[in-house]
Amino acid sequence: MKEMHGLDVDPLTDIAICSGQTEAFAAAVFALIDPGDEVILFDPSYETYGGCITMAGGIPVCVDLDPPHWTSDPNKAYEAFYCQNKSYNIEQVLVCIINYHRKLYGIKTAGWRVGWAIASACIASTIRNIHTRITDCAPAPFQEAVVTALRIPPEYFELLRSDYESKRDFIIKMLAGVGFRIQFKPQGSVFVFAELPESCLLSDVEFIKESIKQAGVVAVPGCRFFHTMPPSDKRPPADLSYQQRYIRFAFCKSDATLAAAAQKIAGFSDARGRLKLF
């Protein structure tokens, strides 16, 4: 934390070691949110965030990020503070922002189920208290393994980042070649959020079903990452049709797997290289 973010953290009081980022988020939410608290949640977002807030008794207040670069409009966030009810004010809001900055395309430890919630001592203590009631302990052998991983020289992570950038560029080129529209290149994720070809009349869910049946290629429909609230008298309706036009592809795969997927997708492309069945 000191090297990457310039933060002075006391390891004995300011860190809660959890079973991965998902549990760290859940423990933080359960520790800090009271029933009826409204929580600003950027949309799209990982599917478990809204669920954790709801289970804690909180009320997710979704703020749409604008495609295709998923930028935030400060006016939307400002309006979200006041559009829900008359008693809504800043003091009643907990703003949760998940930041993957400096993820460096991972340490190839995804799935180890070790993550950290870092906060001031009083908050970290509350999170640890909840953590012991959820999973009790992150896997001890993997904690030892993470210590080894964190001591690896930085040159390894530069090579790892280069490897993942190569995989990212490969899948983007492949998807763009068959008509997907990708206007935002991931900077720290192992996923590509690709817009369906303009000529494709299927929804994201329909496309995935056909992709599985016709090519054996599995991805995730983008609609599961959107949680936008329905319009109200204070929140006018908006065109949300784009929420069914995105597919999430993972590129944290072996080169052989990515090449096989590219070959299968090419198998149902027309002479121009465009998807012919969708």
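In this predicted model, Lys 76 is partly exposed, with a relative accessible area of 26%, and Asp 66, at 25% relative accessibility, likewise counts as partly exposed. Lys 76 and Asp 66 form a salt bridge whose closest N and O atoms are 2.4 Å apart, and this pair links distant parts of the chain, with Lys 76 in helix 4 (residues 74–80) and Asp 66 in the loop between strand 3 (59–64) and helix 4.

**Salt bridges**
- A search of the whole structure finds 9 salt bridges.
- Lys 167 and Asp 255 meet through their side chains at 2.9 Å, N to O; Lys 167 is buried at 9% relative accessible area, whereas Asp 255 counts as exposed at 53%.
- Within helix 8 (residues 204–215), Glu 210 and Lys 213 lie 3 residues apart, about one turn of the helix, and form a salt bridge with the closest N and O atoms 3.2 Å apart.

**Surface**
- Met 1, Leu 7, Ile 17, Trp 116, Ile 118 and Leu 150 make a nonpolar surface patch of about 540 Å².
- Leu 7, one of these residues, lies in the loop between helix 1 (2–5) and strand 1 (15–18) and is partly exposed at 43% relative accessible area.

**Interior**
- The structure holds 2 cavities of 30 Å³ or more, and the largest cavity has a volume of about 60 Å³.
- The lining of the largest cavity comprises 6 nonpolar, 1 polar and 2 charged residues, including Trp 70, Arg 181, Gln 183 and Glu 195.

Notes:
Residues numbered from 1 in each chain as written. Predicted model: local features only at pLDDT ≥ 70, side-chain atom pairs only at ≥ 80, totals over all residues. Heavy atoms only, no water. Patch = residues over 30% accessible without salt bridge, like charges linked within 9 Å, V, L, I, M, F, W, Y side chains within 5 Å. Areas by Shrake-Rupley, 256 points an atom, 1.4 Å probe, with all protein chains shown as cover. Salt bridge = Lys/Arg side-chain N within 4 Å of Asp/Glu carboxyl O. Helix = DSSP H or I, 4+ residues; strand = E, 2+ residues; numbered from the N terminus. Buried < 20%, exposed > 50% of the residue type's maximum accessible area, 1.4 Å probe, protein only. 1 Å grid on protein atoms, 1.4 Å probe; cavity = no way out; pocket = protein on both sides within 12 Å on 5 of 7 lines; lining within 4 Å. Points joined across faces, edges and corners; volume = space filled by probe spheres on them. Nonpolar A, V, L, I, M, F, W, Y, C, P; charged D, E, K, R; others polar.
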